[in-house]
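Welcome! Let us learn to read a protein model together, one question at a time.

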Amino acid sequence: MKVQGISAITLLVKNMQSSCNFYSRIPGFRLACGGPSDHFTTYEAGDESKIYLNLELVNNDIRSDFGRIIFHTDDVDKLYSYLKNDTHISKLIYFETEPADASWGERFFHMRDPDGYQLSFATKIRKSSVES
């Protein structure tokens, strides 16, 4: 028996409306249940192997930074450009880095969502035909 991927991640949010506005605009995230006026909302992503992102509304500021959530995407540069150039999204988030190549074979960027959670989006770097 092995762990094969992330099934669900639950984030505590202070404002469900702004969190839903943000996550509903990321390509590939689909609202599965709940929504901007609910206490608990679930988004799904992926086609064959689905992952779930849960948002739970909290009424206090007690939250510790737990680390980061890493999402794989098919084109990290296009996603970065989309998020950066969407004026609605760019008002809700903070970019910590621009896309960069990492020594472990991924291209990635880090950002913070409306509640300060660190998200990383990454794409595996494809070797060019010259390197093969």
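This is a predicted model: local features need pLDDT of at least 70, side-chain atom pairs count only at pLDDT 80 or more; totals for chains, interfaces and linings use all residues.

Q: What share of the residues in the protein chain is buried?
A: A residue counts as buried when its relative accessible area is under 20%. Here 36% of the 132 residues are buried. The accessible surface of the chain is about 8400 Å², and carbon and sulfur atoms hold 49% of that surface.

Q: How do I read contacts along the sequence?
A: Look at how many positions separate the two partners. Among contacts in the protein chain with a separation of 6 or more, 46% are between residues 24 or more positions apart.

Q: In which sense do S2 and S3 pair?
A: Strand S2, residues 30-33, pairs with S3 in the antiparallel sense, over three bridges. Cysteine 33 stands opposite threonine 42 in S3. The two strands form a hairpin with six residues between them, and glycine 34 in the turn has a positive phi of about 80°.

Q: Over how many bridges do S3 and S4 pair?
A: S3 and strand S4, residues 51-57, pair over six bridges, in the antiparallel sense. Glutamate 44 faces tyrosine 52 of S4 across this pairing. Five residues lie between the strands of this hairpin, where glycine 46 takes a positive phi near 95°.

Q: Is S3 mostly covered or mostly open, and how do side chains sit on a strand in general?
A: In a regular strand, side chains alternate between the two faces of the sheet. As for S3, residues 40-45, this strand is mostly covered, with five of its six residues buried.

Q: Which side chain of opposite charge is nearest to glutamate 106?
A: For a salt bridge, the charged atoms must lie within 4 Å. Glutamate 106, placed in strand S8 (residues 106-112), is buried yet has no salt bridge. The nearest side chain of opposite charge is lysine 124, 6.2 Å away.

Q: With which side chains does glutamate 106 make polar contacts?
A: Its side chain is joined to that of histidine 72 by a polar contact of 2.6 Å. Another polar contact, of 3.1 Å, is with the side chain of tryptophan 104. Leaving aside neighbours within four places in sequence, the residues in contact with glutamate 106 include Ala100, Asp101, Ala122 and Ile125.

Methods:
Residues are numbered from 1 along each chain as its sequence is written. Side-chain values use heavy atoms; hydrogens and water are left out. Buried means under 20% relative accessible area, exposed over 50%, partly exposed in between (1.4 Å probe, protein chains only). Helices (H or I, at least four residues) and strands (E, at least two) are DSSP runs, numbered from the N terminus. Two strands pair if DSSP finds at least two bridges between them. Contact means heavy atoms within 4.5 Å. Accessible areas come from the Shrake-Rupley method with a 1.4 Å probe; for residues, only the protein chains shown count as cover. Lys and Arg count as positive and Asp and Glu as negative; His and the chain ends are not counted. A polar contact is a pair of N or O atoms within 3.5 Å; within protein, one must be able to donate a hydrogen and the other to accept it, and residues adjacent in sequence count only if both atoms are side-chain atoms.
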